[in-house]
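Please examine the model below, with attention to its sheet and to its charged side chains.

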Amino acid sequence: MCLNNSKISWFLLVLVVFLRSPSLAQERSVLDEVQEIMANNSVQAAFEYLDTHDAETLETLITLTEIPAPPFAETERALAFLEMLNLAGVDSSYIDEVGNVIALRKGSAPNASTLVISGHLDTVFPEGTNVQVQQIGDTLRAPGIGDDTRGLAVLLAILKSMNSNNIETEQNILFVGTVGEEGLGDLRGVKQLFTESDWTISSFISIDGTSDTRVTHQGLGSHRYLVTFAGPGGHSWGAFGLINPAHVLSRAVYYFEIAADTYTRGGPKTSYNIGTLQGGTSINSIPAEVSMQVDMRSESQERLIQIDSIFHRSINRAVQEMNLNRRNGPPLVVDIKLIGDRPSGETDSGE
Ligand SMILES: [Zn+2]
């Protein structure tokens with residue numbers, strides 16, 4: 001990533017928009033309020049702080065990047081991030097049951113609502129990846145430095161700039177480093193925060209991705225499955241007639257592809273993908289087990305549910321047909337395991 005992180009100011013500006021007083025919001029336009037807050041001396045000083053502390057922010061970024069955090073192994077980085085938040089100064093902090101780092105900066109309102117500003121701790125890179133940061137010209141390179149270690153560094157920079165300039169907010173701010181954003185993590189950190197924690201969250205900002213000029217206000221939903229077809233297995237000639245899991249899988253994919261292709265030709269974008277196929281031991285063995293990983297996505301939650309049901313119907317049809325037609329041996333068993341579930345959603349772009 002490029003060595004120009006004065007763009008952190010932009011994230012602070014987004015935060016300012018979210019922290020507007022709700023009572024003021026009814027009387028004046030968003031722009032008026034933001035301009036008034038931006039004119040405040042402390043807020044100006046906080047923006048300047050970000051510029052004058054660029055070097056420190058980059059140092060933080062490098063330190064965190066060089067602590068590996070592959071999916072499901074974020075603990076070491078989480079502990080370092082927690083310590084950094086504590087050093088910067090928060091009212092309380094802890095690591096929750098699933099491994100999220102949570103730090104509270106209290107608001108002044110009696111019944112303060114809570115804004116979350118988060119980055120994710122995990123990177124997409126597996127255990128053993130070299131995470132040393134290299135500087136080439138004005139660019140820092142390392143696995144995971146942009147996605148999303150930068151988000152964590154931004155959180156710390158914002159916290160420090162607010163603390164150094166005694167900026168008080170009415171709302172609580174939770175600075176959160178989440179686990180399980182990448183791969184098969186299935187957003188388990190964010191899900192924990194919203195469904196299992198005691199926090200009542202009124203707003204949520206995630207600092208992620210490398211664009212400094214884009215606010216994402218839609219969530220792309222996805223369903224992911226690991227489907228395993230299992231039978232007795234045997235010799236291709238000697239045991240011929242036993243149900244063949246590879247054949248059943250193929251028929252299921254055929255039915256799914258035909259129906260899903262038709263379904264996704266119109267309407268809000270919806271996708272489907274058989275991403276991995278595994279199984280079998282040799283060319284002349286009926287496999288005892290084959291499996292596939294499947295990913296379906298849609299901008300519309302309704303369509304996501306629809307394509308999911310096409311998928312289930314296709315598998316069930318293939319399994320039923322081939323079990324009925326089998327010549328001998330026990331029936332095939334199918335296991336359809338949901339391994340990813342992210343709902344689609346949208347916040348009005350004007351909010
Ligand atoms: Zn990310």
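The paragraphs that follow treat the sheet, the helices packed on it, and the salt bridges.

This is a predicted model, in which local features need pLDDT of at least 70, side-chain atom pairs count only at pLDDT 80 or more, and totals for chains, interfaces and linings use all residues. Residues are numbered from 1 along each chain as its sequence is written, and side-chain values use heavy atoms, with hydrogens and water left out.

Five strands make up an open sheet of mixed pairing, in the order 1-2-6-3-7. Strands (E, at least two residues) and helices (H or I, at least four) are DSSP runs numbered from the N terminus; two strands pair if DSSP finds at least two bridges between them. Strand 1 (92-95) and strand 7 (201-206) are at the edges, each with a single partner strand, so one side of each lacks a neighbour in the sheet. Strand 1 pairs with strand 2 (residues 101-105) in the antiparallel sense over four bridges, and Ile 95 stands opposite Val 101 in strand 2.

Across strand 1, strand 2 and strand 6 (172-178) lies helix 6 (residues 75-88), running at about 180 degrees to strand 1. Here contact means heavy atoms within 4.5 Å, and axes are lines fitted to C-alpha atoms, for helices over the stretch in contact, with angles from 0 to 180 degrees between N-to-C directions.

The whole structure holds eight salt bridges, each defined by a side-chain nitrogen of Lys or Arg within 4 Å of a carboxyl oxygen of Asp or Glu. One of them joins Lys 160 to Glu 56, with the closest N and O atoms 2.9 Å apart. Lys 160 lies in helix 7 (residues 145-164) and Glu 56 in helix 5 (residues 54-65), 104 residues apart.
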